[in-house]
Amino acid sequence: MKKSFSNKPVLIMVIAIVLLLVLAFFSASSRTIPWLENAVGVVVRPVQTFAFKASNGIAGFFRNLFNATDADLENARLKQELAQYTQAKLDLDELKKENERLRAMLNYAGSIGDYEFVTARVIGKSSGVWFDVITINAGRSSGVEVGMPVISGDGLVGRVTDVGLNWCKVTAIIDSSVTVAVTVERTRDNCMVRGIFNTASKSSELELYYLPTDLTDLVPGDVIMTSGIGGIYPKGIKVGSVEEVMLDTDTSGINAIVSPSVDFLHLEEVMVITDFGGAL
Amino acid sequence: MRKWLLVLSLVLAFYLDTVFFNLIGLYGKMRPDVMLAAVVSLGVLMGPAPAAAVGFGIGLLADIFFNKIVGLTSLTYMLSGVAGGLFFHKFYADNLVIPTATAVACAFVKEHILLFASLLAGARPPYFLTFATYILPSILLTGGVCLLIHLFFKKNLYRQLWRQEAIKLE
């Protein structure tokens, strides 16, 4: 034992392991290590923003490569022909698209209520399948705080769980540890959705549960919105639409698979709702 | 060792893991762990201490910036560096089986640590389905990537490392 502690590398290793376990413990529960995250985040964030933006082009190329159906190949050929016109035209198209996305986001934001927003760009995602965390380039300096809801032009993205000076982490609603109080738009039934752990396909799904047992008319295509219950998310934000309705044999209740309205694989811009009058 | 090449390789590994593979999305959600593969290879070529330090640093950066629980990835990368370092100077650097098998074993352990963490966070992943569709393909991909990285490191870094060792011994 004494010999182990006189061995400097082993001692350093033991200290590092203890430190990392302490960090993991605190970060998993209360997230109280902002000083460390801030210091690193402030330095790395601009580099990461550039890297993420530059990657979209490369990623598009590989996506076409992996999805080489006739339509994809035809699409790629047409895109290539289009690219030959002029680089300026491409830049213009890109700006136009970004403008459209932002306009759609603002229109959507305006339609769900008179809230205050901060727009941000997605600059990274957690690796692996165990957690679904998105990093965006807006932080405390923009007024973002822990607990604020995040939306895109298509619907609810998630909730801020960690804030740095100029960046923050958003835990997405598809994370299997997240639950959201929702309403079925047509029937006005209140229930809950949670992320489903799915490693077999690229697309993400949610599970609708706590449906009233006498509810029988839930049908595929029904729109699911946030109910506002609990004050975490504002009421009326689109979460997704029902894909499949099934009987839960364990509880004899009805569950449903919900397809999220947000395409999390291709998410680029989001808005953080900084004030909606809810209990933040 | 050509430090700039090493740093560049690690930056590339960081970029591939945190940005590129997220955007690409291979079949299902499987993906190689390039950073872990690089750390294991460094362990075999450089020894446990430097590889553990690199694993600690690069893992902590990834944790802080992208991951939900800070410290877990860093811990697994650091231990992967140590695991790779167990074979330092014990086998010929040409041996590709050792780093590949070590990377597979380390990736297996890492995924199970994260699986355990996700269970504690409230997730209920179906184990065998997750193993068949994500863990197994991902750790095999990591082994494959480690083989390629080891070939690259051995060709570009190891000769200079060997020279430095020789100078030290003199």
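**An exposed loop residue**

Mentor: A:R188 counts as exposed because 9 C-beta neighbours fall inside 10 Å; the scale is buried at 20 or more other C-beta atoms within 10 Å, exposed at 12 or fewer, and partly exposed in between, with C-beta atoms placed from the backbone.

Trainee: Before I go on, what kind of model is this, and how is it numbered?

Mentor: This is a predicted model, where local features need pLDDT of at least 70, side-chain atom pairs count only at pLDDT 80 or more, and totals for chains, interfaces and linings use all residues. Residues are numbered from 1 along each chain as its sequence is written, while chains are lettered from A and ligands numbered from 1 in the order in which they are written.

Trainee: Back to A:R188, where is it found?

Mentor: A:R188 sits in the loop between β6 (179-184) and β7 (190-195) of chain A. Its phi is near 65°, a positive value in a residue other than glycine. Helices (H or I, at least four residues) and strands (E, at least two) are DSSP runs, numbered from the N terminus.

Trainee: How many helices and strands does chain A have?

Mentor: Chain A has five helices and 12 strands. Of its 280 residues, 35% count as buried.

Trainee: And what about chain B?

Mentor: Chain B has six helices and zero strands, and buried residues make up 54% of its 170 residues. In chain B, 76% of the contacts with a separation of 6 or more join residues 24 or more positions apart; a contact means C-beta atoms, placed from the backbone, within 7 Å.

Trainee: Which helices of chain B cross at roughly 160°?

Mentor: Those are α3 (residues 48-66) and α4 (residues 72-85) of chain B, with axes that come within 7 Å. The axes are lines fitted to C-alpha atoms, for helices over the stretch in contact, and angles run from 0 to 180 degrees between N-to-C directions. That crossing makes α3(B) roughly antiparallel to α4(B). Angles under 35 degrees count as roughly parallel, over 145 as roughly antiparallel, 65 to 115 as roughly perpendicular and the rest as oblique.

Trainee: Changing topic, how far does α5 of chain B reach?

Mentor: Helix α5 (residues 97-120) of chain B has 24 residues and reaches 35 Å from first C-alpha to last, close to the 34 Å expected at 1.5 Å a residue; the expected span is 1.5 Å times one less than the number of residues. After α5(B) comes B:G122, with a positive phi near 115°.

Trainee: What does α2 do with α5(B)?

Mentor: The axes of α2 (residues 34-46) of chain B and α5(B) come within 9 Å and cross at roughly 135°, so α2(B) is oblique to α5(B). The residues that meet there include B:V40 in α2(B) and B:A103 in α5(B).

Trainee: Last one: which residues touch the most other members of the largest nonpolar core?

Mentor: Among its 106 residues, those are A:I136, A:V239, A:V272 and B:M35. Such a core is a set of buried Ala, Val, Leu, Ile, Met, Phe, Trp, Tyr and Cys residues joined through C-beta atoms within 7 Å. Leaving aside neighbours within four places in sequence, A:V239 is in contact with residues including A:I173, A:V193 and A:V258.

Technical notes:
Two residues are in contact if their C-beta atoms, placed from the backbone, lie within 7 Å.
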